Amino acid sequence: MLSSPGKPIARASLLGLTTAVLLGLSGCGEEELAVGETDVSDVRSEDDLTDPYTGEYDEAFREDVDVYAGTEVTVAAQVEDVLSPNSFTIVGPDDTSVEPLLVVVADEVPGLEPGLPVTVAATAALEFDLAEVEGQLGVDLEDEQYGEWEDQPFLLATVVEASAE
C-alpha cells in the first residue's frame with residue numbers, strides 16, 4: 001500500500017502494532033500466568049520477575065529442560081513419588097506418562113503424597129549430584145534413593161505449593 005507515489009504506509013501499521021503490544025502488556029503482572037489453555041499460579045513474591053517458563057510439566061518442557069538450565073521456572077505438576085520430606089518426583093498434571101523429574105527443596109514440604117497436584121517454583125539444573133546438592137542445601141538425603149537420578153536433570157525448588165485440582 002502506498003501513501004504517495006513510491007512511499008509505503010508504514011507509520012499506520014507501526015502505530016497499530018505498538019498499540020496492540022502495549023495493550024497486551026498492560027495485562028501482565030496478574031497473579032495467574034496463562035500458558036496455552038492452562039493457568040499456573042505465580043507462587044513467587046511480587047518482587048520476583050516473571051520466569052522464562054511458566055506452565056505445565058509436560059513432554060515439551062522435559063525435552064527442553066536443558067534450555068532452561070540455570071534459570072527459574074514455575075511448573076504445574078503432579079507428585080509421582082515422595083523420596084523424602086525434601087525431595088519428590090513429578091509427572092505431568094494431566095499426562096502422567098511424561099518422564100518423571102526429580103525435585104529437591106531445602107525446607108521440608110509437609111503433606112506431600114503421590115497424586116497431589118503441585119506448583120513448583122525452581123531453578124532447572126542439568127545434572128543431579130547428590131553430594132553437591134546436600135552441601136548446597138544443608139540436608140542429608142538417603143544415598144540409595146538417588147542413584148538413578150545421578151547426572152539427570154532436576155529442579156532445585158524454592159517454593160512448593162499444593163495446587164487446586
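Trainee: I'm looking at β9 and β10, so how many bridges are there between them, and is the pairing parallel or antiparallel?

Mentor: In this predicted model, β9 and β10 pair over 8 bridges, and the sense of that pairing is antiparallel.

Trainee: Which way does β8 run against β10, parallel or antiparallel?

Mentor: β8 and β10 run parallel and are joined by 4 bridges, and one place to look is Val105, which stands opposite Ala157 in β10.

Trainee: Let me step back, what are the elements of the whole protein?

Mentor: The protein has 4 helices and 10 strands, and read from the N terminus the order is β-β-α-β-β-β-α-α-β-β-β-β-α-β. Of its 165 residues, 36% are buried.

Trainee: What does β6 pair with in the antiparallel sense?

Mentor: β6, which covers residues 72–84, pairs in the antiparallel sense with β9 (residues 117–125) over 7 bridges, and there Val75 stands opposite Val120 in β9. β6 also pairs in the antiparallel sense with β7, in this case over 5 bridges, with Ile90 in β7 as the bridge partner of Val79.

Trainee: How many residues sit between β6 and β7 in that hairpin?

Mentor: There are 2 residues between β6 and β7 in the hairpin.

Trainee: And which way does β5 run against β6, parallel or antiparallel?

Mentor: Strand β5 (residues 53–56) runs parallel to β6, and 4 bridges join the two; within that pairing, Thr54 has Thr74 in β6 as its bridge partner.

Trainee: Staying on that strand, is Glu80 buried, exposed or partly exposed?

Mentor: Glu80, which lies in strand β6, is partly exposed, because its relative accessible area is 37%, a value that falls between the 20% limit for buried and the 50% limit for exposed. Glu80 and Pro117 are 37 residues apart in sequence, while their C-alpha atoms are 9.6 Å apart in space.

Trainee: Changing topic, how many salt bridges are there?

Mentor: The count comes to 1 salt bridge, formed by Arg62 with Glu99, whose closest N and O atoms are 3.0 Å apart. This pair links distant parts of the chain, since Arg62 is in helix α2 (residues 59–63) and Glu99 is in the loop between β7 and β8, with 37 residues separating the two.

Trainee: Are Arg62 and Glu99 buried or exposed, or something in between?

Mentor: Arg62 has a relative accessibility of 10% and therefore counts as buried, whereas Glu99, at 42%, counts as partly exposed.

Trainee: What about charge on the surface, which residues make up the negative patch?

Mentor: The patch of negative charge on the surface gathers Glu59, Glu63, Asp64, Asp66, Asp94 and Asp95. Among these residues, Asp94 is found in the loop between β7 (87–91) and β8 (101–105).

Trainee: Why does Asp94 count as exposed?

Mentor: Asp94 counts as exposed because its relative accessibility is 66%, and the cut-off for that class is over 50%.

Terms used
Residues are numbered from 1 along each chain as its sequence is written. This is a predicted model: local features need pLDDT of at least 70, side-chain atom pairs count only at pLDDT 80 or more; totals for chains, interfaces and linings use all residues. Side-chain values use heavy atoms; hydrogens and water are left out. Patches are made of residues with over 30% relative accessible area and no salt bridge: like charges are joined within 9 Å, nonpolar side chains (Val, Leu, Ile, Met, Phe, Trp, Tyr) within 5 Å. Accessible areas come from the Shrake-Rupley method with a 1.4 Å probe; for residues, only the protein chains shown count as cover. A salt bridge is a side-chain nitrogen of Lys or Arg within 4 Å of a carboxyl oxygen of Asp or Glu. Lys and Arg count as positive and Asp and Glu as negative; His and the chain ends are not counted. The place of a charge is taken as NZ of Lys, CZ of Arg, CG of Asp or CD of Glu. Buried means under 20% relative accessible area, exposed over 50%, partly exposed in between (1.4 Å probe, protein chains only). Two strands pair if DSSP finds at least two bridges between them.
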